[in-house]
Amino acid sequence: MADEATVCAAAFFRSVGKDVTTSDEFVMTVSLELKWMSPSDAKLLLRFLLESGILNRKGDFVRTSSDLSALDVPLAYRPSQQFLETVRSGKAPAKPTEPKKEADPDMFHVLMDVALKNGMQTKDFVPACSKIQKRLSIDIAAAALIVLRDNGIDIGPYVAEVYTNVSSA
């Protein structure tokens with residue numbers, strides 16, 4: 001029987017019906033569609049699965065390291081609380097390949113957490129950001145800054161990092 005991390009990855013890819021996804025799509029699907037955990041925990045789960053070697057990242061895309069289609073996944077799978085605590089602890093098994101560079105945190109998810117802490121609902125924040133992103137053809141993190149600013153939230157601590165991430169892309 002496979003470990004829970006492998007079952008979790010298989011359950012995710014079966015639910016989306018494809019074998020490749022982006023990091024943002026992974027986080028949004030795990031947190032908002034499947035409702036397994038918060039966006040912050042979903043980012044930790046993605047990092048855990050990457051560090052465990054269950055998933056691989058190539059450019060902007062994430063896919064499984066091996067074929068998980070033959071794996072038995074329970075109907076209506078949901079990660080156990082014990083597994084979530086393991087993910088939160090960050091103690092993923094060491095990946096046997098080359099050492100990884102530490103990735104910058106995805107600013108959109110950081111800003112989403114700021115919105116939540118300031119009383120904004122995810123169901124309001126995400127569509128507002130998407131609308132501004134499409135209308136202005138800008139990065140989603142820049143759109144998130146605009147939404148936060150328009151709702152009276154101080155964006156000063158985040159502007160420089162968003163600018164750095166957008167200008168380096």
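Modeller: Axes are lines fitted to C-alpha atoms, for helices over the stretch in contact, with angles from 0 to 180 degrees between N-to-C directions. Helices are DSSP runs (H or I, at least four residues), numbered from the N terminus. This is a predicted model, in which local features need pLDDT of at least 70 and side-chain atom pairs pLDDT 80 or more, while totals for chains, interfaces and linings use all residues. Residues are numbered from 1 along each chain as its sequence is written, and side-chain values use heavy atoms, without hydrogens and water.

Colleague: Why are H6 and H7 called oblique to each other?

Modeller: The axes of H6 (residues 122–136) and H7 (residues 140–150) come within 8 Å and cross at roughly 120°. Under 35 degrees counts as roughly parallel, over 145 as roughly antiparallel, 65 to 115 as roughly perpendicular and the rest as oblique, so H6 and H7 are oblique. The crossing is right-handed, that is, the near helix is turned clockwise from the far one by less than a right angle.

Colleague: What makes the contact of H6 with H7, by class?

Modeller: Contact means heavy atoms within 4.5 Å. Phe 125, Ala 128 and Cys 129 are among the residues on H6, and Ile 140, Ala 143 and Ala 144 among those on H7. The contact has 11 nonpolar, two polar and no charged residues. Nonpolar covers Ala, Val, Leu, Ile, Met, Phe, Trp, Tyr, Cys and Pro, charged covers Asp, Glu, Lys and Arg, and the others, including Gly, are polar.

Colleague: Why are H2 and H3 oblique to each other?

Modeller: H2 (residues 23–33) and H3 (residues 39–52) cross at roughly 125°, with axes within 8 Å, and are therefore oblique. This crossing is right-handed.

Colleague: What lines the second largest pocket?

Modeller: A pocket is an open set of points on a 1 Å grid where a 1.4 Å probe fits, with protein on both sides within 12 Å along at least five of seven lines; lining residues have an atom within 4 Å of a point. The lining includes Phe 13, Arg 14, Asp 67 and Leu 68, and H1 (residues 4–16) gives the largest share, four residues.

Notes
Helix = DSSP H or I, 4+ residues; strand = E, 2+ residues; numbered from the N terminus.
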